[in-house]
Amino acid sequence: MRGTAGGVAAILVTSFLWGTTGTAATFAPGAGPLAIGAAALGVGGLLQAAIALPALRRSRRMLRDRAGLVAVGAVAVAVYPLAFYSSMHLAGVAIGTVVSLASAPLASGLLELLLERRPLSRWWMLAAFLGILGSALLCLSEADRPAASAADTAAGIGLGLVAGATYALYSWVVHRLMAHRVGRAATMGAVFGAGGALLLPVLVLTGAPLLASAQSFTVAAYMALVPMFLGYFLFGIGLTRVRPSTATTLTLTEPAVAAVLAVVVVGELLTALGWAGLAVLAAALVVLALAPTNVVGHRPVQPDGGPPAPAHPVPAQAAVTPHRGTD
């Protein structure tokens, strides 16, 4: 996969894999959200570091020079799964997923605006608005289903906002490191490996139920190897080709995947409002795919961590967002 289209494809496959986590977690009901989150991203992050060892050795000086940035990304990686799975546990899978992912594009766009002084394009804002609207419709379609309590729901929404902010933050850190000529493998290995190490104590303290049965262990292994390890491998590839704000907007397809799997696999019912939400999310992807180009002075990140390529226009049919697409 090459260019912006390849980055979009990698992010969309990642979103599909991530969308399976809620359904997979239902097959390990005895495990708590902290155990699920720590196992999924803790083990997955350490695997990212393991396959990146040669790249980490080559890039150790650059990573040491940017240790503060790596540390910020690692903390965000460690906080994200704990907040995300706890949000779903308290507020429900639909609301937790929607709040976490719908807030991420806004947080990502604000990070670029505040830290990079990069203006947000109107096409990106339209796609983000449609994505958030579609996610909200999915959320409202679940509103008539029983909830534990108003306090739990409010706490779950709050944790969902934390998850969205930390997701946006580590996405920005990864992209920033690659823009500083740190290779993709070294960047992903350093940030996710350090984040995975931070999650190990949580896994030790809470992970016993994952070993209680073969089914629970299989769920944990699947979560660590497929959505987290393979998913974040593809996510790193995608971030070499699209901006973090574009990537987080594309991953708004995850709640749609989660909703469809809940209907097909778990047997939940999706209302007309829910199907309308899926249609609006699809419209957001169409906007991202067909937005006219407006690339002025943007210097894309090179997949191998090399110097930024010279800025040049991107054909309209290959553009993902105005002035945000990369080669």
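This is a predicted model: local features need pLDDT of at least 70, side-chain atom pairs count only at pLDDT 80 or more; totals for chains, interfaces and linings use all residues.
Colleague: Fine. Why is Arg181 called partly exposed?

Modeller: Arg181 has a relative accessible area of 49%. Exposed needs over 50% and buried needs under 20%, so with 49% Arg181 counts as partly exposed. You'll find Arg181 in the loop between H9 and helix H10 (184-206).

Colleague: What is the phi of Arg181?

Modeller: Near 75 degrees, which is a positive value in a residue other than glycine.

Colleague: What makes Val173 buried?

Modeller: Its relative accessible area is 0%. The cut-off for buried is under 20%, so Val173 at 0% is buried.

Colleague: How much of the protein chain counts as buried?

Modeller: 54% of its 327 residues. As for secondary structure, the protein chain has 14 helices and 0 strands.

Colleague: On to the rings. Why is the pair of Tyr80 and Tyr170 called edge-to-face?

Modeller: Two checks. Ring centres have to lie within 6.5 Å to pair, and planes over 60 degrees apart count as edge-to-face. For Tyr80 and Tyr170 the centres are 5.7 Å apart and the planes are at 80 degrees, so the pair is edge-to-face. The pair links distant parts of the chain, with Tyr80 in helix H6 and Tyr170 in helix H9 (residues 150-179), 90 residues apart. Both Tyr80 and Tyr170 are buried.

Colleague: And what kind of aromatic pair do Tyr232 and Phe235 form?

Modeller: Edge-to-face too, by the numbers: 5.9 Å centre to centre and 85 degrees between the planes. Tyr232 and Phe235 are 3 residues apart in helix H11, so about one helical turn separates them.

Colleague: How do you know that Tyr232 is buried, and what about Phe235?

Modeller: Tyr232 has a relative accessible area of 1%, while Phe235 has 0% relative accessibility. Buried means under 20%, so Tyr232 is buried and so is Phe235.

Colleague: Which residues do ring pairs link into a cluster?

Modeller: Trp18, Tyr80, Phe84, Tyr85, Tyr167, Tyr170, Phe192, Tyr232 and Phe235. The count of aromatic pairs comes to 13.

Colleague: Now helix H11. How do you know that its length agrees with what a helix should span?

Modeller: H11 covers residues 214-239, which is 26 residues, and at 1.5 Å a residue it should span 38 Å. Its end C-alpha atoms are 35 Å apart, so the two agree.

Colleague: Where does H11 bend?

Modeller: At Met223, by about 30 degrees, and a proline, Pro227, follows within four residues.

Colleague: Last topic, the second largest pocket. What is its volume?

Modeller: About 330 Å³. Its lining has 14 residues, and the closest to the pocket's centre are Ala25, Ala31, Met88, His89 and Val93.

Colleague: Which helices each supply at least two residues of that lining?

Modeller: Helix H2 (21-25), helix H3 (33-51) and helix H6 (67-91). H6 gives the most, with 3 residues.

Colleague: How many nonpolar, polar and charged residues does the lining of the second largest pocket have?

Modeller: 9 nonpolar, 5 polar and no charged residues.

Key: Residues are numbered from 1 along each chain as its sequence is written. Side-chain values use heavy atoms; hydrogens and water are left out. The expected span of a helix is 1.5 Å times one less than its number of residues. The bend at a residue is the angle between axes fitted to the seven residues ending there and the seven starting there. On a 1 Å grid over the protein atoms alone, a cavity is a set of points where a 1.4 Å probe fits but cannot get out, and a pocket is an open set with protein on both sides within 12 Å along at least five of seven lines; lining residues have an atom within 4 Å of a point. Grid points are joined across faces, edges and corners, and a volume is the space filled by probe spheres set on the points. Ala, Val, Leu, Ile, Met, Phe, Trp, Tyr, Cys and Pro count as nonpolar, Asp, Glu, Lys and Arg as charged, and the others, Gly among them, as polar. Rings of Phe, Tyr and Trp (its six-membered ring) pair if their centres lie within 6.5 Å; planes under 30 degrees apart count as stacked, over 60 as edge-to-face and the rest as tilted. Buried means under 20% relative accessible area, exposed over 50%, partly exposed in between (1.4 Å probe, protein chains only).
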